[in-house]
Amino acid sequence: MLFSRLIGHAALKAKLIGNVREGRVPHAQFFLGPRGSGALPLALGYARYLLCVRPGAGDACGECGSCRMMDKLAHPDLSLSFPIFLGEKAKTCDPLLSEWRDAVLAEPFLDAALWRERLEGENKQLRMGVDIAQEITRRLSLKAYQGGWKAVLVWLPELMDTAAANKLLKVLEEPEPLTAFLLVGHDAEHILPTIMSRTQLVKVPALAAADVAQALKERFALQEPEARAIALRSDGDLLEAVAMAEKSEEELFVFFRDWLRACYANKVGDAVEFSEGFAKLGREQQKALMRYALYLVRQCLYQRQGLPQLVRAHGQELEFVQKFSPLLNERNTEGLRRELEAAHAHLERNANPKVLFVDLSYKVGRSLRV
Ligand SMILES: [Zn+2]
């Protein structure tokens, strides 16, 4: 990942490059940012800059041998560690390195859910055990291939077991020269405070809507207003925005509108049919539909509360908001919101989508008819 190819975060990139140029490379940094903010590509861009043989004033050269290896994330001086399904078959990252590289090259904003999907283990837990910490130590004992910096990337350290975290802490407490630890995660609460205190925090904020919109236009055949609308709804989460764009607004809207009609009319057969359609969507799209539903309910609520200036819907969405909002009242809105949020949470925990959706259809229908 060249810095110039990274979306947004201009000031942060300049600061990171400035630090390296001034010879101030911290022994350990923690790139902490919400999902879809780009903490991982930033850390990888930083590693590339650090390892580049001919770094320029604003970016790595992109052409040296080191940069070529970084194109494939396969650089002998870049150590990669990440959570896996710990078990009989795998205890360390080495056997899964090419899998992880492919995943990041396909989606540099990779998150745990996408990684889990890639490993085809929807119901398994991603963890980092002590063997992975040992693997880091073993790799550190190797001489640097280029004779310069070594970059040690640890992705999602919040998923480390206690034993692994303690071992990592030991390594961080005894800094080796020319070794830069780059921890990348979303959740500082599940990191040992002692690890946090050993690392310099690089706070990665959510992306600006304009940056997300720009990225969407590069990835999808979207017009500015559509890209902008999705970007605004994504709250600066590029993965979220991408998921929304993939399941285009139109499809989500039609599915949601028709389903809600069936729920309201208490058409049991239709609800079952919708559930079958729902089950066929990917997990991310199912979650996207729940978030979309929450968004539309919120729009309806604004309309009902006499705050149409807050309504972001347009076109047939707006028409729907105007027609549907009279059905909402104090009692059912809260119930509706709760049910949709619960469904989203259950999907995160890999609930059976068909069963969940049939159940949700009944509950939503009932609260609408109150
Ligand atoms: Zn280079």
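Modeller: Axes are lines fitted to C-alpha atoms, and the angle between two of them runs from 0 to 180 degrees between N-to-C directions. Keep in mind that this is a predicted model.

Biologist: At what angle do the axes of helix 14 and helix 15 cross?

Modeller: Helix 14 (residues 283–304) and helix 15 (residues 316–324) cross at roughly 60°, and their axes come within 9 Å. Angles of 65 to 115 degrees count as roughly perpendicular, so helix 14 is oblique to helix 15. The crossing is right-handed.

Biologist: Which residues of helix 14 and helix 15 meet?

Modeller: From helix 14 come Tyr292, Tyr295, Leu296, Gln299, Cys300 and Gln303; from helix 15, Glu317, Phe320, Val321, Gln322 and Phe324. Sorted by class, this contact of helix 14 with helix 15 has seven nonpolar, three polar and one charged residues.

Biologist: How is helix 14 placed against helix 16, parallel or antiparallel?

Modeller: An angle over 145 degrees counts as roughly antiparallel. Helix 14 and helix 16 (residues 330–348) pack at about 165°, with axes 9 Å apart. Helix 14 is therefore roughly antiparallel to helix 16. Helix 14 passes helix 16 in a left-handed crossing.

Biologist: What classes of residue make up the contact of helix 14 with helix 16?

Modeller: The residues divide into nine nonpolar, three polar and six charged. On helix 14 they include Arg283, Lys287, Met290 and Leu294, and on helix 16 they include Leu336, Arg337, Leu340 and Glu341.

Biologist: How far apart are the axes of helix 13 and helix 17?

Modeller: The axes of helix 13 (residues 268–280) and helix 17 (residues 353–368) lie 8 Å apart, at an angle of about 145°. Their crossing is right-handed. Among the residues that meet are Val268, Phe274 and Phe278 in helix 13, and Leu356, Phe357 and Tyr362 in helix 17. By class, the contact of helix 13 with helix 17 has 10 nonpolar, two polar and two charged residues.

Biologist: Now the metal. Which residues are the protein donors of the zinc ion?

Modeller: Cys52, Cys61, Cys64 and Cys67, each through SG, lie 2.2 to 2.4 Å from the zinc ion. Their spacing in sequence is C-x8-C-x2-C-x2-C.

Biologist: What geometry does the site of the zinc ion have?

Modeller: For four tetrahedral donors the ideal angle at a metal is 109.5 degrees. Here the angles among the four donor atoms are 103 to 115°, and the site of the zinc ion is tetrahedral.

Note on methods. Residues numbered from 1 in each chain as written. Predicted model: local features only at pLDDT ≥ 70, side-chain atom pairs only at ≥ 80, totals over all residues. Heavy atoms only, no water. Helix = DSSP H or I, 4+ residues; strand = E, 2+ residues; numbered from the N terminus. Parallel < 35°, antiparallel > 145°, perpendicular 65-115°, else oblique. Left-handed = near helix turned anticlockwise from the far one by under 90°. Contact = heavy atoms within 4.5 Å. Nonpolar A, V, L, I, M, F, W, Y, C, P; charged D, E, K, R; others polar. Donors = N, O, S within 2.8 Å, 3.2 Å for Na, K, Ca; no water. Tetrahedral: all angles 85-135°; square planar, octahedral: opposite > 155°, others 65-115°.
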